[in-house]
Amino acid sequence: MNEVEKIEFSKEAKALSERIIKRYPEGRQKSALLPLLHLAQAEFGGWLSVPTMDYVASILNIKPIEVYEVASFYSMFNLNPVGNCLIEVCRTGPCMLRGANDIIEHIENKLGIKEGETTPDGKFTLKTVECLGSCGTAPMLQCGADYHENLTNEKVDELLDKLGASGKRSSYMWSLKENNR
Amino acid sequence: MARKLLLQHENVPGINTFDVYRKNGGYASVEKALKSMTPDEVMEEVKKSGLRGRGGAGFPAGMKWSFLDRKSEKPRYLVCNADESEPGTFKDRYLMEKIPHLLIEGMITSSYSLGANTSYIYVRGEYMYVIRILEKAIEEAYAAGFLGKNILGTNYSLDLFVQPGGGAYICGEETALLESLEGKRGNPRLKPPFPAIAGLYASPTVVNNVETIAAVVPIVNQGGDEYAKIGIGKSTGTKLISASGHINKPGVYEIELGLPVEEFIYSEEYCGGIWKGRKMKAVVAGGSSVPILPTDLILKTAKGEQRLMTYESLSDGGFVSGTMLGSGGFIVLDETACIVQHLHTFARFYHHESCGQCSPCREGTGWMEKVIHRIEHGHGHQGDIDLLVDVAKKIEGNTICPLGDAAAWPVASAIRHFREEFEYHIKYPEKVKNPKHFELEPFVSEKSLVTA
């Protein structure tokens, strides 16, 4: 039970969540679920544990199952822990035509892991994803909110070195956090 | 040079800011509509323009607007579909990133016409940095009095919000999008009722693609008749095309509908020809869902007429020898590409993105992915090709939403036009085990060898 009690948004995340809920008509607060799950994922280590999802359910006054069924449907929500930097490489048609498979192989060799795995030091998780709408600048990968495009092996090396050294956790959420409305 | 209606200011420094956008004529359509036109007059211009939905289906936008239940006492909503996820399509992202105020201006003018006082832009979650750009632009528009209460001193008020998705292709289907916006799984709804009657929160709702809403701006500014002068027949105006694959200049291009496909691929103004001096093998002209066509059929119709970038010309010949303009996701494959390998990525995509609601799609997409995977990797059986055709047929038309069709069409068309390549994979399993098989030894039709 102690574990559950510890889960609470920071002051600024709480304020943002309240602003988000106000975007929808009275009685429609469930509409805030996806934005709040993004926020919760950013706040609580890059993934959604069951206590985290229960916490979001309590904020929106909905049943926990309503959160689980949504979190498990959308591919951006991680239901298991991930490394500090979640590297998501697109491999759908247009990216594949421009060499995505070679890029994936290169990252696997460089990090010493296969897709879906996390490096032992917890710095990187490698994931392959479906089309991210960057076909004209393929091959590409996403890390947090950032798109890295027109990739070559050299660019990948440079990026991974930089990300590994920074020690920062990648997050999709920097945008909503800065939002003032 | 082709006329540009959406991207004419794309290279103006600072065009993403309110001040620069305004100085370049931005928000004129809001002033014109709110101060000198009734909501119905705005809709009449959209009808006259012949504008068709730019998300892929190509349904006339003005007609869609006219279906909105105006007798209902419930609030009305305009929801912008910015869940761009069709492989090969990235035009909406480009437009929102470069000229966010164009979308916001279109949202205000369109919301006014539809009588919506709250509107949402549903953006795919992966475009989080684009969401930040839009939110900044929306703040600027509020500060300048173009959003909020009593816009420009009129009686009209509008609040505009951006909603992030969670990573699901299916949410580009309008009823799935509405489910998602209500905080649920993105399962498409049974229709009717259509969103125009019972959409968001069971209220009358119009869902339009980003590019469609942006096009309302030039339509209101110059008038629908003027807009309709561009293009051919029922394909009016300009269209954003996302060009990718084996071409020299991938990117987003605004074309006048009616441009010859050949010119689009080979002219320096657009794709700049095939990369590395290679020959073209095939084109997917309208996003991953539409039928793939071999070079001869994408450049000319089966009747021998020049193929044009219009809804009608691209679909000439039906699915036997034609395709669709779709979302304008234009993917070019050169002679070293493997049709089966390329198709496998699409089959995997649709399997991954099926919402699981209808069994023909949930099960069929998985079967197609597995069978194509084994053919591609040299484990194909005799009979697999016919099995694929059979599965595709059983999905098509048997699902609640068009994702099933979208998964079936690429498979059926690849086999229709490139059956020999599939047969090659089954005949020479050792050769295709190297994933770069056709780069090492480009595929040559054995039929053509015999006839030569």
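Predicted model: local features only at pLDDT ≥ 70, side-chain atom pairs only at ≥ 80, totals over all residues.
**Helix 3, chain A**

I started with helix 3 of chain A (residues 33-43), and nine of its 11 residues are buried, meaning under 20% relative accessible area, with exposed being over 50% and partly exposed in between (1.4 Å probe, protein chains only). The buried ones are A:Leu33, A:Leu34, A:Pro35, A:Leu36, A:Leu37, A:His38, A:Leu39, A:Ala40 and A:Gln41. Just past the helix, I found A:Gly45 with a positive phi of about 80 degrees. Helices (H or I, at least four residues) and strands (E, at least two) are DSSP runs, numbered from the N terminus.

Residues are numbered from 1 along each chain as its sequence is written, chains are lettered from A and ligands numbered from 1 in the order in which they are written, and side-chain values use heavy atoms, with hydrogens and water left out.

**Domains**

I looked up the domain bounds, which come from an automatic or database domain assignment. Chain A splits into domain 1 (2-71) and domain 2 (85-166), with 29 Å between their centres, taken over C-alpha atoms. Chain B gets domain 1 (18-229), domain 2 (243-334) and domain 3 (339-451). For domains 1 and 2 of chain B, the C-alpha centres are 28 Å apart. Across that pair, 14 residues of domain 1 are in contact with 16 residues of domain 2, contact being heavy atoms within 4.5 Å.

**Sheet in chain A**

Next I traced an open sheet of four strands in chain A, order 2-1-3-4, with mixed pairing. Two strands pair if DSSP finds at least two bridges between them. Strand 2 (124-129) and strand 4 (146-148) of chain A are at the edges with a single partner strand each, so one side of each has no neighbour in the sheet. The twist averages 25 degrees from one strand to the next; axes are lines fitted to C-alpha atoms, for helices over the stretch in contact, and angles run from 0 to 180 degrees between N-to-C directions. Strand 3 (residues 141-143) of chain A runs antiparallel to strand 4 of chain A, with three bridges joining them. In that pair I see A:Leu141 opposite A:His148.

**Sheet in chain B**

Chain B has an open four-stranded sheet too, order 3-2-1-4, and here the pairing is parallel. Its edges are strand 3 and strand 4 (205-209) of chain B, each pairing on one side only. I get an average twist of 20 degrees from one strand to the next.

How many bridges join strand 1 (residues 76-82) of chain B to strand 2 (residues 116-123) of chain B? Seven, and the two strands run parallel. Across this pairing B:Arg76 stands opposite B:Ala116, and B:Asn81 stands opposite B:Tyr122. Helix 9 (residues 210-222) of chain B packs on the sheet, touching strands 1 and 4 of chain B, and its direction makes about 95 degrees with that of strand 4. Strand 1 of chain B is also parallel to strand 4 of chain B, through five bridges, with B:Cys80 opposite B:Asn208. Six of the seven residues of strand 1 of chain B are buried, so the rest of the structure largely encloses this strand.

**B:Ser157**

I then went to B:Ser157, in the loop between helix 7 (128-143) and strand 3 (159-164) of chain B. Buried or exposed? B:Ser157 is buried, at a relative accessible area of 19%. Beyond four places in sequence, B:Ser157 is in contact with residues including B:Ala116, B:Asn117 and B:Gly148. The B:Ser157 side chain reaches the backbone nitrogen of B:Asn150 at 3.0 Å.

**Cores and B:Gln341**

Last, the nonpolar cores: sets of buried Ala, Val, Leu, Ile, Met, Phe, Trp, Tyr and Cys residues joined through side-chain atoms within 4.5 Å. The largest has 166 residues, and B:Leu103 and B:Phe422 touch the most other members. Helix 18 (residues 403-427) of chain B gives this core its largest share, 11 residues. Apart from it I found another core of 27 residues, including B:Leu259 and B:Met309. Leaving out residues up to four places away in sequence, B:Phe422 touches, among others, B:Ile339, B:Val340 and B:Leu343.

B:Gln341 is in helix 15 (residues 339-353) of chain B and counts as buried at 15% relative accessibility. Not counting residues up to four places away in sequence, B:Gln341 touches A:Met96, A:Asn101, B:Glu376 and B:Pro435.

How values were computed:
Polar contact = N/O pair within 3.5 Å; in protein donor to acceptor, adjacent residues only side chain to side chain.
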